[in-house]
Amino acid sequence: METCVKCGKEHPKIIQDFLIVERKTESNLGWTNTTEQLTGAERHAVCTKCLFNSVAKRASIRVIVGAVLIFLAIVILVGNDVSSQIGRVAVVSLALGIIIGLLTLSVGMHSNIHKAGYMEEIVWEQRGNSSTNKIFIPVGENLYKSEEIFLHRNKKLITDIKKKIYSELIATGAWKNIVASQVSNTNKETAPDSAADLPLDEHQTLLLQCVKELLQLYQQSPGGILTFSAAAMPVREIGKKLDEAGGFQMMLEAHALFSEYNSGIGLARNLEMVWDGIGNWRG
């Protein structure tokens with residue numbers, strides 16, 4: 001059951017998915033090497049009140065800063081003549097500052113990408129302080145319209161992993177599989193049919209057999225398989241068999257092996273789309 005990450009209220013309305021990147025820095029004889037590695041995903045929720053309080057805090061700061069900067073700008077532009085209209089200038093500056101604050105509040109509560117940014121701050125405050133190397137990357141449908149927007153919104157990433165995350169996970173939609181796996185493992189109380197309950201040899205035998213069948217099916221369709229075609233049915237049946245035997249994790253293992261042994265361009269991505277909707281798999 002989802003609870004607000006800040007106040008603990010049950011059934012909060014605002015839910016945000018995150019990819020988790022761990023940063024590690026090593027120093028040796030004056031030489032420093034920083035690496036960033038994707039380690040998983042998390043789903044967090046916040047209630048409307050807590051989000052509003054966070055956005056309102058930022059808006060109030062912008063009211064003050066905006067009013068002061070506008071006041072100083074007018075004083076500089078007008079020069080000595082401002083002394084006779086100081087009261088009017090102050091009122092105008094405050095009014096414009098309030099407008100800036102209201103715009104900040106409105107955008108923060110209604111823009112998905114800005115809400116995700118505030119959620120990131122809230123989650124880090126509540127969950128990330130214990131690990132300064134833990135970086136939360138907000139993800140969601142249509143959250144980033146381009147690589148430039150993704151890079152701009154995630155400046156905290158300092159290595160090449162930021163471009164890999166966008167090209168391999170964000171642009172392709174593969175981030176959904178990582179999040180679905182995390183949510184499945186978190187919410188799963190018992191898993192009588194999970195791969196963990198299969199003896200190792202049975203697990204490996206089933207996994208390899210399914211991958212072998214997938215490779216044979218794709219040999220018959222080297223250009224890929226249409227999602228809703230008759231050729232897709234046996235591929236989906238294999239996906240269902242994997243899901244029933246070991247859930248999402250076993251499907252991931254099969255997909256990884258398929259990708260390793262099938263070098264056809266785009267076929268691994270095609271398999272993701274054909275499996276869409278099976279268990280927690282999202283293509």
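Let me open with a cluster: ring pairs link Tyr144, Phe150 and Tyr166. Rings of Phe, Tyr and Trp, the latter by its six-membered ring, pair if their centres lie within 6.5 Å; planes under 30 degrees apart count as stacked, over 60 as edge-to-face and the rest as tilted. The model is predicted: local features need pLDDT of at least 70, side-chain atom pairs count only at pLDDT 80 or more, and totals for chains, interfaces and linings use all residues. Residues are numbered from 1 along each chain as its sequence is written, and side-chain values use heavy atoms, with hydrogens and water left out.

The structure holds six aromatic pairs. One of them, between phenylalanine 150 and tyrosine 166, is tilted, with 5.7 Å centre to centre and 40° between the planes. Phenylalanine 150 belongs to helix H4 (residues 147-153) and tyrosine 166 to helix H5, so the pair ties together parts that are 16 residues apart in sequence. Helices (H or I, at least four residues) and strands (E, at least two) are DSSP runs, numbered from the N terminus. Both phenylalanine 150 and tyrosine 166 are buried, where buried means under 20% relative accessible area, exposed over 50%, and partly exposed in between (1.4 Å probe, protein chains only).

I turn now to helix H5 itself, residues 161-170. Its buried residues are Ile161, Ile165, Tyr166, Leu169 and Ile170. Why do they sit on the same side of H5? They cover an arc of only 140° around the axis, the arc being that of the directions from the helix axis to the C-beta atoms. On the face turned away from this buried side, H5 carries the exposed residues Lys164 and Glu168.

Next, glutamate 36, in strand E2 (residues 31-46). With 9% relative accessibility, glutamate 36 counts as buried. Its side chain makes polar contacts with the side chains of arginine 23, at 2.7 Å, and threonine 159, at 2.7 Å. A polar contact is a pair of N or O atoms within 3.5 Å; within protein, one must be able to donate a hydrogen and the other to accept it, and residues adjacent in sequence count only if both atoms are side-chain atoms.

Finally, the cysteines. The structure holds zero disulfides, a disulfide being a pair of cysteine sulfur atoms within 2.5 Å. The sulfur of cysteine 7 is 3.6 Å from the closest cysteine sulfur, in cysteine 47, which is too far for a bond. Cysteine 47 is likewise in no disulfide, and its nearest cysteine sulfur, that of cysteine 50, is 3.4 Å away. Cysteine 7 counts as partly exposed at 47% relative accessibility, whereas cysteine 47, at 5%, counts as buried.
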